[in-house]
Amino acid sequence: MKYVIGVDLGTSAVKTVLVDPQGKVAFEHSESYPLSRPQPNWSEQNPEDWVEGTLVSLRRLIEVSGIDPAQVDGISFSGQMHGLVLVDRQGKSLRPAILWNDTRTTAQCRKIEKVLGTKLIEIARNRALEGFTLPKILWVQENEPEVLAQAELFLLPKDYVRYRLTGDYAMDYSDAAGTLLLDVGAKTWSAEIAEAFGLPVTLCPKLVECFDLTGTLLPEIAEASGLLPATKVFAGGADNACGALGAGILGEGRTMCSIGTSGVVLSYESNKDLNLEGKVHFFNHGEKDAYYIMGVTLAAGYSLTWFKETFAGDKSFDALLQGVDSIPAGSGGLLFTPYIVGERTPHPDPNIRGSFIGMDAGHTLNHFTRAVLEGITFSLRESIDIVRDSGKEITEVVAIGGGAKNEAWLQMQADIFNASVIKLESEQGPAMGAAMLAAYGSGWFASLSECAEAFIRPAEVYKPNAQQAEVYDGLFHLYQQVYGQTRELNDKLAAYRK
């Protein structure tokens with residue numbers, strides 16, 4: 001029996017999965033690592049923690065599974081996007097990595113917009129947002145110029161880990177698309193953008209496809225991980241691109257909804273010239289010469305976690321959600337907006353904050369819980385509608401992540417999206433996408449689509465209830481009015497948060 005390993009480098013932990021040729025996960029293991037917030041709005045990690053966590057997870061995966069390391073054909077990666085790692089000529093990281101959820105770079109975003117104007121959307125296809133990589137580079141340029149002066153290259157999180165495992169520098173197109181330095185349609189680094197900010201294009205690593213072979217394991221890494229030095233290592237992709245692969249989003253009309261800490265609506269796109277004026281993200285797909293459009297809710301699952309920890313800390317998530325199906329659609333006139341850490345789509349606004357509207361003495365914990373689920377799903381519906389407005393017909397949505405674990409929430413998604421929602425038999429998300437890249441790269445399949453047919457199997461389909469969908473349609477239009485009507489009030493309240 002042959003296997004491949006998918007490595008998913010997340011924000012809080014690294015997960016490794018051992019996958020056989022039928023797409024079955026034989027074993028999996030996770031290793032957590034710390035997150036540092038040294039100042040308000042900062043979010044950093046030590047890149048060496050990623051490396052150590054990955055090696056420990058790989059070693060334990062091999063030990064627990066009991067397989068012969070020679071059975072592993074290859075490994076590949078999925079990684080948290082946008083995080084900035086600067087390395088010197090010896091490949092040593094020069095400072096802690098600045099992560100995707102670090103929001104210190106508002107001033108740099110405004111500078112990018114002022115300098116580039118319409119060129120930014122034309123070339124990079126995305127707005128300047130605090131999470132992206134270029135604003136982080138400019139922050140270092142302005143605040144730590146001595147660090148940038150020593151930098152040979154910038155890397156993204158999974159690319160740094162892969163470099164440490166193989167000694168090879170590279171970045172795939174799907175992850176590079178989230179830097180604001182890539183000409184997304186032309187699939188080249190943009191000298192025009194780099195030079196506009198006094199950055200040498202040589203700061204950017206070579207570009208590769210997600211499934212390209214990028215080397216084998218260094219001898220000391222092989223020993224530490226329990227694998228063989230000859231183990232093939234493939235480039236891997238951005239977590240959302242790998243999540244799309246793991247959900248089978250490999251053709252026109254295929255759409256995915258992933259609810260984790262953040263929430264993502266992602267739809268396959270073959271037209272490289274599509275320009276949605278930055279309303280949603282436009283990134284390169286893990287499949288060659290394909291793309292995807294994506295909307296993001298910053299606090300999707302995080303809104304539910306915040307609510308549980310704040311108001312129902314003694315309950316498990318299962319216990320908290322147990323009663324929501326007894327509450328009618330609309331939560332008895334209670335509406336929640338999930339802007340508790342700002343918002344991304346359709347409102348790129350780091351300062352907006354959430355709300356409960358319509359509270360009365362008759363509302364119970366179950367009403368509030370259902371309202372939180374509905375608010376998260378309404379936010380995701382805004383991204384669904386933008387995709388539909390681009391001309392795409394969305395009748396089916398593949399659900400992955402935490403939002404795919406509860407039947408009541410799955411039915412709610414079907415009703416609010418007015419589309420069939422598909423739950424998969426084995427849902428491993430980005431880790432499975434990484435394993436698929438290794439399987440395809442190793443020659444197991446003639447195409448990623450063929451790999452998806454072997455690896456991905458639907459388990460259940462939740463169809464929209466016409467009556468519920470009509471109720472939710474009316475509530476959704478009320479939800480859409482909240483942002484505009486509370487924006488000015490929110491600005492005034494901000495003074496009291498300090």
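1. The side chain of arginine 104 makes a polar contact with the side chain of glutamate 44 at 2.8 Å, and a further one with the side chain of aspartate 102, also listed at 2.8 Å; a polar contact here is a pair of N or O atoms within 3.5 Å, where within protein one must be able to donate a hydrogen and the other to accept it, and where residues adjacent in sequence count only if both atoms are side-chain atoms. This is a predicted model, in which local features need pLDDT of at least 70 and side-chain atom pairs count only at pLDDT 80 or more, whereas totals for chains, interfaces and linings use all residues. Residues are numbered from 1 along each chain as its sequence is written, and side-chain values use heavy atoms, with hydrogens and water left out.

2. Arginine 104 sits in the loop between β7 (97–98) and α2 (106–116), helices (H or I, at least four residues) and strands (E, at least two) being DSSP runs numbered from the N terminus. Leaving aside residues up to four places away in sequence, arginine 104 touches, among others, Trp42, Glu44, Arg95 and Trp139, contact meaning heavy atoms within 4.5 Å.

3. The protein is divided into domain 1 (3–235) and domain 2 (248–497), with bounds that come from an automatic or database domain assignment. The contact takes 45 residues from domain 1 and 40 residues from domain 2. About 3,400 Å² is buried between the two domains, 62% of it from carbon and sulfur atoms; buried area is the accessible area (1.4 Å probe) that two parts lose on being put together, summed over both. In domain 1, Arg125, Arg127 and Phe211 lose the most area to domain 2, together 19% of what that side buries.

4. Between domain 1 and domain 2 the count is 1 salt bridge, a term that requires a side-chain nitrogen of Lys or Arg within 4 Å of a carboxyl oxygen of Asp or Glu. Lysine 187 forms a salt bridge with aspartate 289, their closest N and O atoms lying 2.9 Å apart. The side chain of lysine 187 is also in polar contact with the side chain of glutamate 209 (2.9 Å). Glutamate 209, placed in the loop between β12 (207–208) and β13 (213–216), counts as buried at 11% relative accessibility.

5. Helix α10 (residues 239–246) is mostly covered, with 7 of its 8 residues buried. Just after α10, glycine 248 takes a positive phi of about 75°.

6. The salt-bridge count comes to 29 by this rule. The side chains of aspartate 349 and arginine 487 meet in a salt bridge at 2.5 Å, N to O; the pair links distant parts of the chain, aspartate 349 lying in the loop between β20 (335–337) and β21 (355–357) and arginine 487 in helix α17 (residues 466–493), 138 residues apart. Both aspartate 349 and arginine 487 are buried.

7. Arginine 388 and aspartate 385 form a salt bridge with closest N and O atoms 3.8 Å apart, and because they are 3 residues apart in helix α13 (residues 365–389), they are separated by about one helical turn. Arginine 388 counts as partly exposed at 23% relative accessibility, whereas aspartate 385 counts as buried at 18%. Elsewhere, salt bridges that share partners join Glu44, Arg95, Asp102, Arg104 and Glu144 into one network.

Technical notes:
Buried means under 20% relative accessible area, exposed over 50%, partly exposed in between (1.4 Å probe, protein chains only).
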